[in-house]
Amino acid sequence: AQSKMIRCKPLLGTFVEISTEDEEHSPHAIEMAFRAIEQVQSLMGFHDPDSELSQINARSYLEPIRIHSWTAEVLAIAKEIHIESEGIFDCGIGHRLIKAGLLPRHINLNDQSFGGIEDLLFIEPNLVQSKLPLCLDLGGIAKGYAVDKAVEVLFAHDIQSGSVNAGGDMRVFGNLTQDIQIRNPSKPHELIRIGRMKAGAIATSSLYFAKRDTEAKSYMVNPLNQEHIEFSESYSVIANECVYADALTKVVSISGNAQHPCLSHFSAQAIKIPHAITL
């Protein structure tokens, strides 16, 4: 029997674990997969003033910004989900999170009216410009995209099966079947096994591990009324790719609707786990 190889690194504000079933070819492949995740972080991190995302936020309303194809892909998917969810998924609320003290302040918020992701226009596939100042935060989608990129790298290195897990955003590939466990919303250190998954992605959205004081606002904002929302249940979305699973958890948790019509457009399904679960 082939033995597994598992590696873990702190990335994307969480721990990323890469597991493969192929010990022989894995060390290099896993290293390259982590490098892809690091690249997503350096391109799309809000906290890094030098990231492409920060460049877009700082200057896209003044001049066109040339961006990496990965950043362009995430922005295009974010625009698509924004449209399909009728505005519930919105990366354009970074300024709200800065005001609430949840994101670092790199930009001047005074007397600026911010546009949203709908105001970001593609002039060319890798060239964007905005009509209005933007404060985009890709925190709700880039982690899922990074997981997918890591899986692509493992595929490209002939790793037949394995999984990439970034703090609950997980994708399984190959002929591996993985137990899917979700934290119990009322007792976050307790795991609930909800089933098994083969070749697919899952992401979970909840507020139970938001590290914040009692006064601090939730980092989940309903873009339609700009209110910070609280919810005690957890929502998981299963999709083919983690980028969609990640973003769509925001749609179901903000709308409170595990049957949201935009799920079927992306061939995704959602599971709601109530706060007071009895096992």
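Colleague: How many bridges join strand β3 (residues 65-66) to strand β5 (residues 127-130), and do these strands run parallel or antiparallel?

Modeller: Two bridges join β3 to β5, and the two strands run antiparallel. Before going on, please keep in mind that this is a predicted model, in which local features need pLDDT of at least 70 and side-chain atom pairs count only at pLDDT 80 or more, while totals for chains, interfaces and linings use all residues. Residues are numbered from 1 along each chain as its sequence is written, and side-chain values use heavy atoms, with hydrogens and water left out.

Now to the strands. Helices (H or I, at least four residues) and strands (E, at least two) are DSSP runs, numbered from the N terminus, and two strands pair if DSSP finds at least two bridges between them. On β5, L127 is the bridge partner of R66. Strand β4 (residues 120-124) also pairs with β5, in the antiparallel sense and over four bridges. There, V128 of β5 is the bridge partner of F122. A hairpin through two residues joins β4 to β5.

The buried residues of helix α2 (residues 52-59) are E52, L53, S54, I56 and N57; buried means under 20% relative accessible area, exposed over 50% and partly exposed in between, with a 1.4 Å probe and protein chains only. Those buried residues of α2 pack against β3, β4 and β5, and also against helices α1 and α3.

Let's follow those two helices. The axes of α1 (residues 26-44) and α3 (residues 69-84) come within 10 Å and cross at roughly 70 degrees. Axes here are lines fitted to C-alpha atoms, for helices over the stretch in contact, and angles run from 0 to 180 degrees between N-to-C directions. That makes α1 roughly perpendicular to α3, a label for 65 to 115 degrees, with under 35 as roughly parallel, over 145 as roughly antiparallel and the rest as oblique. The contact (heavy atoms within 4.5 Å) is made by A36, Q39, V40, L43 and M44 of α1 with W70, T71 and V74 of α3. Six of the residues in this contact are nonpolar, two are polar and none is charged. Ala, Val, Leu, Ile, Met, Phe, Trp, Tyr, Cys and Pro count as nonpolar, Asp, Glu, Lys and Arg as charged, and the others, Gly among them, as polar.
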